[in-house]
Amino acid sequence: MVSPQTMRAVRESGAVPNASLLLEISNARKEFPGVVALDDVSLKLRRGTVHALMGENGAGKSTLMKIIAGIYTPDSGEVKLRGVNIQLKSPLDALENGIAMIHQELNLMPYMSVAENIWIRREPLTRLGFVDHGELNRRTAALFAKLNIDIDPEVQVSTLSVASRQMVEIAKAVSYESDVLIMDEPTSALTETEVAHLFSIIRDLRSQGKGIIYITHKMNELFEIADEFSVFRDGRYIGTHASTDVTRDDIIRMMVGREITQMFPKEEVPIGDVVLSVKDLALKGVFSDISFDVRAGEILGIAGLVGSGRSNVAETIFGVSPATSGTIAINGKPVTIGSPTVAIQHGMAFITEDRKETGCLLALDIQENMQLAVLQDGYTRFGFVTQGELSRTCEEMSQKLRVKTPSLDERVENLSGGNQQKVLIGRWLLTNPKILILDEPTRGIDVGAKAEIHKLVSQLARQGVAVIMISSELPEVLGMSDRIMVMHHGRATGFLDRAEADQVKIMDLAAR
Amino acid sequence: MTTSSETLAAPRARRRKLPTELSILLVLAGIALTFELLGWIFIGQSFLMNQQRLTIMILQVSVVGIIAVGVTQVIITGGIDLSSGSVVGMTAMIAASFAQSADWARPVYPALVGLPVVIPLVIGLAIGTLAGIINGSLISYTKIPPFIATLGMMVSARGVAKWYTKGQPVSGLTPDFTFIGMGIWPVVIFLGVALIFHIALRYTRYGKFTYAIGANPQAARVSGINIEKHLIKVYAIAGMLAGLAGLVTAARAQTAQAGMGVMYELDAIAAAVIGGTSLAGGQGRITGTVIGTIILGTMTSGFTFLRVDAYYQEIIKGMIIVAAVVTDQYRQRKRKKV
């Protein structure tokens, strides 16, 4: 194994063997507490090609990309850069070895100029040790000329559009003389003309012999720009093909092709009256024209890619970001839901997508986390919280949900993802909800806990709770839902009944 | 009532958190014993075996302690209150102007002398509360950082204190008013409010929500807590306690001056932080703050007792505050890893 420093020295000496394989990853494995994110994954990136990574959300693309960019270190497996074994220890390490990543969330400093952003840490200096702004701007202009980018180097990044910022990011990556460029859904915020410009830049880079790893969910881009693609599923490598050899259906099959197991114990329960009725709901600039009914005992699944507006719909129904138009009716009565407090009063519960950001009070204990929502109205006498009673209730709930912990005094921070999720579910079940919204209820948790949560959701439906379940995992949506709404770009592209729905149909509606 | 013991039954969390308090208590004991030892070596007398010294020690920090009880709650929500020292000055001046006795030569309001004591007390608390409500509203509705909102209040409230009498002190206060600053009363008031808010934080919905907002405001919001309203409440309480501190300060000094309470906000923050309240929010207890306040008092009193130069006192005090927080951070990190 060669240290990154040596590798860098060799590279600078110009003695690097001009290997046709820029990057080769074999048998990489990466585990996080409770989940195997990558298992036995391999990837070969050829010089002068665009290599697309495909897969559902959670298939392991991001983890693999982060390994290549030096953000994660694999637990096992090897990484060969230009034919030499290497172990990258940090993103800087990767950058200095010619691997640059263009992040989905752009990492530019908004209040500095374009040129300052590109050459940060490498600013040309005058003889007196001050930053040579003239030279800085000249270098940037030269770089932009080479890439056909038309942006003023002196302008502040905060004034640029998303597309222009992306160009700056790419220029920055190129300025490091990188051979390997990683692009994570670079077109997600671009217009068609901007995409065309981006593609022409990518083609230029390709003809200069660079290797580009291109992550996307969009089929048409795959055929337009990629030479090869690799498919991942559930953290495993499925296969690599030339993009000219396959059809759209082949790829979808590779992405989703797995049997639905007994993991989703959906029970047939009598479906009651309409509990929640949403009509023409819209949140300006995010989603629009969303209409659906959910009945007592029914589970409505919402499928769609990340960014399709699924979570926003849930947040709007729950009053986190109130609707700009449209109506919501509960049990036939129109209601205005301006805040989560109101939603809770109407018997709603919302288990959010991001456990850590909007769910858990990480520094507090299980008890304090679980009792939060029910404290809104209840469990107080003469102004004092009836802690004894409340503790017993939480204890019972925790046993019912089988939260694995020595006691409720445990900090939530120290629990596994599955147990954290159970605590959050417990928080809401204590409020006896009539409408339960679950956003990615089983993301990042182990198989056992997953099955328990599925069972629980089925039980709740049997008790007459109207359930909305958002999930990126197609088998989960298919296994649990009575009906599925598929979203794309802030709109509902279709509804599928349990009987007719399958993975191909969903992917077709979600990724048109 | 048979349920009352159950109502107030301590949550089991208490067992686990006791060591935190214990460690602060040990720090206090350590500091006290160091002074005791140094006392015998250098002065030839006991530091602790002197009831008068201990009484004065607590008296001196009672006002800061009253403020610290409010500031602790603000810090638990993840905020900060820099305005309390200035609010002390402002309320002292305004309340005192309604507490002047009839026989005083130059009252602020000649027509309003010899009023019943309840009037200046209510005015003082109301002005403090109002300052707090302004702080809280600015933070909740304009979304400016608490640091800036309360910094503005700190400057403006001090300005009001000076403008009110154009810098003149307000004296000739009625005996009924100065009574609350007499003898052991400031200590009683300090420990009284500490007890009240200890109970409020531990056993009421107000307290539970305060911790929840500090631990994760977004989660608290999704759980149905009206964060804006709650924050205003917390800052209002902190303002009210600063107002109370202003009343006690004026009563104790038997006069009010515009410069009263300068830097008290920093002592109060220090007391809370030494007492284990996390500036990151979500964690902290009034009992810790009380101990932290007493630690500050012990240091001042001990240095004076050892006849350490006042300049050195400040230098060392600063270092001890920083050391306390560094130790706490270290302890936090260790606990996280478990």
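Buried means under 20% relative accessible area, exposed means over 50%, and partly exposed lies in between (1.4 Å probe, protein chains only). By that scale Arg491(A), with a relative accessible area of 42%, is partly exposed. This is a predicted model, in which local features need pLDDT of at least 70 and side-chain atom pairs count only at pLDDT 80 or more, while totals for chains, interfaces and linings use all residues; side-chain values use heavy atoms, with hydrogens and water left out. Residues are numbered from 1 along each chain as its sequence is written, and chains are lettered from A and ligands numbered from 1 in the order in which they are written.

**Chain A overall**

- Chain A has 18 helices and 22 strands; helices (H or I, at least four residues) and strands (E, at least two) are DSSP runs, numbered from the N terminus.
- For its 512 residues the globule rule gives 24 Å, and the radius of gyration of chain A is close to this at 26 Å, so chain A is as compact as a globular protein of that length. The radius is taken over C-alpha atoms, and the rule is 2.2 Å times the number of residues to the power 0.38.
- The C-alpha trace of chain A spans about 75 × 55 × 45 Å along its principal axes.
- Buried residues make up 54% of the 512 residues of chain A.

**Salt bridges**

- Over all chains the structure holds 20 salt bridges, each being a side-chain nitrogen of Lys or Arg within 4 Å of a carboxyl oxygen of Asp or Glu.
- Asp227(A) bridges to Arg206(A), with the closest N and O atoms 3.1 Å apart. Asp227(A) lies in the loop between helix 8 (219-225) and strand 9 (228-233) of chain A, and Arg206(A) lies in helix 7 (residues 192-207), so the pair ties together parts that are 21 residues apart in sequence. Asp227(A) is partly exposed, at 27% relative accessibility.
- Asp289(A) and Arg491(A) form a salt bridge whose closest N and O atoms are 2.8 Å apart. This pair links distant parts of the chain, 202 residues apart: Asp289(A) is in strand 12 (residues 287-295) of chain A and Arg491(A) is in strand 22 (residues 491-497) of chain A.
- In the salt bridge between Arg411(A) and Glu413(A), the closest N and O atoms are 2.9 Å apart. Arg411(A) is buried, with a relative accessible area of 7%, whereas Glu413(A) is partly exposed at 23%.
- A network of salt bridges links Arg29(A), Glu31(A), Asp39(A) and Arg236(A).

**Aromatic rings**

- There are 10 aromatic pairs over all chains. Rings of Phe, Tyr and Trp (its six-membered ring) pair if their centres lie within 6.5 Å; planes under 30 degrees apart count as stacked, over 60 as edge-to-face and the rest as tilted.
- One of them joins Phe318(A) and Trp428(A) edge-to-face, at 5.7 Å centre to centre and with 90° between the planes. The two residues are 110 apart and the pair links distant parts of the chain: Phe318(A) is in the loop between helix 10 (310-317) and strand 14 (325-330) of chain A, and Trp428(A) is in helix 15 (residues 417-429) of chain A. Both are buried.
- In chain B, ring pairs connect Phe35(B), Phe47(B), Phe303(B) and Phe305(B) into a cluster.
- The charged end of Arg122(A) sits over the ring of Tyr176(A), 3.5 Å from the ring centre. A charge sits over a ring if NZ of Lys or CZ of Arg is within 6 Å of the ring centre and within 35 degrees of the ring normal.
- Arg139(A) lies over the face of Trp119(A), 5.4 Å from the ring centre.

**Helix 10 of chain A**

- Of the 8 residues of helix 10 of chain A, 6 are buried, so the helix is largely enclosed by the rest of the structure.
- The buried residues of this helix are Arg310(A), Ser311(A), Val313(A), Ala314(A), Thr316(A) and Ile317(A).
- Gly319(A), which follows helix 10 of chain A, has a positive phi near 85°.

**Chain B: a helix residue**

- Ala310(B) lies in helix 14 (residues 310-337) of chain B and is partly exposed, with a relative accessible area of 49%.
- The C-alpha atoms of Ala310(B) and Lys208(B) are separated by 42 Å, and the two residues are 102 residues apart along the chain.
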